[in-house]
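Here is a brief report on one protein model. It covers confidence, sheets, cores and charged pairs.

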Amino acid sequence: MKMKMGWFLFFMILLNGIIISNGVDTNVSSRPSVVNIGAIFSFNSTIGRVAKFALEAAVQDVNSDPTVLGGTKLELTTQDTNFSGFGAIMEALQFMEGDTVAIIGPQSSVTAHVISHIANELQVPLLSYAATDPTLFSLQYPFFVMTSHSDLYQMAAIADLIDYYGWREVIVIYVDDDYGRNGIAALGDELAEKRCKISYKAPLYPQSNRNDIIDLLVKIALKESRILIVHTHPDWGLEVLDVAAYLGMTGSGYVWIATNWLSTIIDTNSPLPSKAMNNIQGLLTLRMYTPASGLKGNFVSRWGNLTSTGTSNGHVGLSAYGLYAYDTVWVLARAINAFFNQGGTISFSNDSRLAKIKGGSLHLDAMSIFDGGNLLLQSILQVNMTGVTGQIKFNSDRSLINPAYEVINVIGTGIRRIGYWSNYSGLSVVPPQNTTLPNGTSSNPRLYDAIWPGQAVKTPRGWVFPNNGRQLIIGVPDRVSYHEFISRVKGTDMFKGYCIDVFTAALSLLPYALPYKLVPFGDGINNPSCTGLVQLVATGVYDAAIGDIAIVTNRTRMVDFTQPYIESGLVVVAPIKALKSNAWAFLRPFSKNMWIVTGVFFLIVGAVVWILEHRLNDEFRGPPRRQIVTILWFSFSTLFFAHRENTVSTLGRLVLIIWLFVVLIINSSYTASLTSILTVEQLSSPIKGIESLQASKDPIGYQMGSFAVNYLSEELNIHKSRLIPLNSEEDYVRALTAGPKKGGVAAVVDERGYMEVFLSTRCEFTIVGQEFTKSGWGFAFPRDSPLAVDMSTAILKLSENGDLQRIHNKWLRGGACRSQDAKLEVDRLQLKSFWGLYVISGLACIVALLIYFILMLRQFSRHYVEESDASMGNSSRSGRLQTFLSFADEKVEDIKARSKRRQMEMASSKGGGYEDDESMNIAKRRHIELSSSKSSTITSFEV
């Protein structure tokens with residue numbers, strides 16, 4: 001009975017296992033012996049040839065180390081897509097039918113977009129080391145993991161190169177698929193941030209033949225930009241360069257920049273055939289940067305042995321894609337180990353939506369969902385390890401950290417690294433460090449010198465004028481006045497004048513021919529608006545504009561200007577008249593306030609010096625009338641440094657020295673001003689400058705078509721009703737001569753260049769005040785036009801070699817005018833120009849008086865307070881004041897003598913009472929003498 005029961009249990013267990021194996025769920029142990037992974041790529045492609053060996057080597061290394069997966073082995077199944085996107089999709093579907101937990105690949109970005117939808121549905125992670133389309137980071141593809149760097153960073157590196165060399169427009173040649181279009185879109189965004197742009201896009205179909213490439217490059221050759229960026233697949237990129245060499249487009253003046261497809265070919269197929277190497281001389285390319293390490297060194301040393309067998313197409317070099325393919329297997333292995341450590345199991349379940357699709361030979365209902373797909377995906381994104389490519393860790397957007405590239409220059413039979421680029425340090429000759437810094441904060445953003453196509457060592461300009469027979473349409477203002485600058489030759493479309501000669505002279509210095517046609521702008525009756533001409537350049541009606549075009553703010557927002565070839569700002573021109581000299585001309589140097597303040601200070605300084613010297617100096621003592629005369633004489637004699645009185649007090653000398661310095665400055669200024677008034681013809685105008693025009697209500701004239709009207713109304717807030725347009729030089733003369741009271745204008749505001757020509761033969765007018773704007777004239781070109789830079793360089797050369805001045809002398813040499821030797825009425829010297837001197841002198845007087853009175857009060861209290869108390873007891877306030885005034889008038893030597901005598905009397909009084917009574921009598925007599933002396937002094941002052 002027990003034996004039967006044992007066999008029954010055995011068969012039940014066996015049957016249960018059979019049922020489970022054929023049911024809906026397929027459950028295996030938490031640590032199976034084998035985990036199946038797949039790989040999809042083209043075995044014979046440039047990337048695939050390297051990836052095949054790298055993937056197999058990685059699986060072998062993982063399986064040989066039992067600590068990686070705890071005894072579990074990876075079973076890698078590879079499928080050759082044979083360059084077929086459809087084939088890649090079919091291979092992916094076959095993997096989905098089995099128990100594959102992850103797929104390495106696909107190699108193509110186009111295929112990755114399609115297979116990612118399948119991976120999303122069946123929750124099988126895709127890890128691609130070669131599909132670098134930036135849009136694959138989209139949230140639309142959560143199960144796609146890019147294990148190399150996105151083309152977004154490669155395009156940022158190229159944009160930095162363009163900006164570093166100072167180029168502004170590029171032409172891109174790209175494969176017209178998701179990989180090419182999305183990469184170029186990213187490049188356009190990066191260039192726009194640096195004020196650069198893609199001037200022409202040249203797409204190539206993936207199936208393009210040599211004739212298609214020739215047709216495309218012929219179109220490119222007719223464009224002006226010579227900066228060509230090639231973004232294609234590695235397998236036919238060299239064909240584009242071969243055709244370019246055939247058309248002569250790889251010579252001097254051209255710049256070719258290839259994305260990392262070229263470095264991949266060089267690394268994989270080196271050495272290249274001599275013809276291919278000749279075609280790529282001087283090119284720049286990028287290569288994904290992988291820092292040197294022991295792991296990388298060991299793998300590189302093993303590469304020869306790994307590829308020694310199984311290669312039917314010759315030597316296979318190790319490219320950066322091979323390193324990333326190797327690390328991709330290790331990332332997946334680490335993630336699978338973490339997956340099992342978190343309790344994950346490998347199980348699959350049928351997709352209910354696919355189960356409804358029955359019939360046909362596709363057997364879609366055979367595909368199943370990987371139940372642990374989400375957990376494995378999260379384990380992949382959380383991997384943090386060091387591989388042969390360096391540190392491997394994913395950012396929050398699922399991109400690898402620390403993207404960096406080497407900048408490669410193809411020279412001779414090999415390549416030369418001229419620098420590095422990383423997203424945290426920009427361009428630099430220093431290898432990127434694994435430190436997170438703000439983007440573009442490199443302290444040394446430079447590269448080593450490159451050798452360019454045609455063995456050129458000088459950085460190419462990057463553009464030429466297109467050789468397509470088209471002429472530049474250049475707008476020229478058709479002026480009706482000031483023909484010295486621009487005038488149209490009657491009956492022709494030709495122009496002459498200063499501006500035209502500058503333009504043609506600059507053209508002669510350009511290193512290329514520039515066919516052009518001058519087109520008049522304006523009706524020939526009124527001066528045209530240069531702002532309107534500039535707007536037509538901005539909208540593309542004209543290719544450029546030359547003439548007397550002022551460089552002002554609102555115009556610079558629309559176009560690019562060349563270097564100014566003449567300085568010109570707004571000035572005020574007004575009528576003038578000669579001033580006649582008269583008997584009172586000597587009063588004109590100083591203003592009224594200046595005369596008054598100067599006279600008052602003469603008196604103040606004289607009085608202060610008298611106070612300071614009165615108690616010490618006999619020359620400042622005497623009867624009151626004499627002292628008043630002394631004050632007046634001393635004060636005004638300092639004007640000529642003719643004072644004969646000596647100063648003995650320190651404070652008096654200090655005040656006098658400072659005042660004499662002030663007098664010296666005032667005297668010199670007066671002399672200079674008076675000399676100018678009497679020896680140079682003086683011209684007078686009621687208008688002193690733009691400030692007086694703003695303060696008045698008089699009408700103001702301006703040249704029709706000039707920017708002056710907008711500046712006066714918008715910047716200076718002058719009402720437009722006051723602004724009168726004038727069209728010709730004759731209009732200027734009539735309006736200025738009539739004046740505001742007879743229907744004319746008080747002044748004209750115009751640019752200095754015009755006014756210098758106008759005033760060269762009209763001496764009754766002149767420029768008043770200062771030039772109140774600073775600008776210049778230049779030639780206008782569309783925004784970011786390289787021609788503006790070349791023309792600016794030519795204008796600078798004209799200035800340096802003197803040709804610009806010779807052209808100026810030819811057209812703008814002014815005529816003789818009598819008023820050129822005269823000058824406007826000199827402004828009177830104002831108090832505001834000298835108030836600092838007066839403040840210094842006044843402070844010196846105040847400080848000296850304060851010190852003087854403090855010392856005198858101290859002396860007074862020492863010598864008289866005790867004497868007054870002894871003689872009178874509590875004296876009245878008026879008595880003390882009289883005593884102080886007497887003390888202040890008394891000479892210091894007398895005070896000292898009396899003090900000594902009193903001390904002797906006090907010493908003798910100690911002998912007896914009689915002596916005390918005698919001392920009291922002496923004190924009373926002294927008090928009476930002082931009182932009578934004070935009374936006589938007051939009487940003398942009253943007289």
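## A parallel pair and its sheet

In which sense do strand 10 and strand 11 pair, and over how many bridges? Strand 10 (residues 255-258) and strand 11 (residues 284-288) pair in the parallel sense over two bridges. Ile257 has Leu284 as its bridge partner in strand 11. Strands count as paired if DSSP finds at least two bridges between them. Helices (H or I, at least four residues) and strands (E, at least two) are DSSP runs, numbered from the N terminus.

An open sheet of eight strands, with mixed pairing, has the order 8-7-9-10-11-16-17-18. Strand 8 (197-204) and strand 18 (426-428) are at the edges, each with a single partner strand, so one side of each lacks a neighbour in the sheet. On average, neighbouring strands here are turned by 25° against each other, direction ignored. Helix 8 (residues 210-221) lies across strands 7, 8, 9 and 10, at about 165° to strand 8. Axes are lines fitted to C-alpha atoms, for helices over the stretch in contact; angles run from 0 to 180 degrees between N-to-C directions.

## Confidence

This is a predicted model: local features need pLDDT of at least 70, side-chain atom pairs count only at pLDDT 80 or more, and totals for chains, interfaces and linings use all residues. Residues are numbered from 1 along each chain as its sequence is written, and side-chain values use heavy atoms, with hydrogens and water left out.

The mean pLDDT (the predictor's confidence in each residue, from 0 to 100) is 82, and 79% of residues reach 70 or more. Over residues 1-29 the pLDDT is below 50, and this stretch has 12 contacts beyond near neighbours in sequence. A contact means heavy atoms within 4.5 Å. Residues 818-822 also stay under 50. Where pLDDT is low, the predicted coordinates should not be read in detail.

## Strand 2 and the cores

Strand 2 (residues 34-41) is mostly covered, with seven of its eight residues buried. Buried means under 20% relative accessible area, exposed over 50%, and partly exposed in between (1.4 Å probe, protein chains only). Strand 2 runs parallel to strand 3 (residues 73-80), joined by eight bridges. Three bridges pair strand 2 with strand 4 (residues 102-104), also in the parallel sense. Ile37 stands opposite Leu76 in strand 3 and has Ala102 as bridge partner in strand 4.

A nonpolar core is a set of buried Ala, Val, Leu, Ile, Met, Phe, Trp, Tyr and Cys residues joined through side-chain atoms within 4.5 Å. The largest has 115 residues, and Leu74 and Ile336 are among those with the most contacts inside it. Helix 13 (residues 320-341) gives the most to this core, with 15 residues. A second, separate core of 74 residues includes Leu693 and Val745.

## Salt bridges

The count comes to 25 salt bridges, each a side-chain nitrogen of Lys or Arg within 4 Å of a carboxyl oxygen of Asp or Glu. In one of them, the closest N and O atoms of Asp61 and Arg302 are 3.0 Å apart. This pair links helix 2 (residues 46-63) to helix 12 (residues 294-306), 241 residues apart. Asp61 is buried at 14% relative accessibility, whereas Arg302 is partly exposed at 29%.

Arg417 pairs with Glu406 at 2.9 Å. The link runs from strand 17 (residues 414-422) to strand 16 (residues 404-411). Arg417 is partly exposed at 42%, while Glu406 is buried at 7%.
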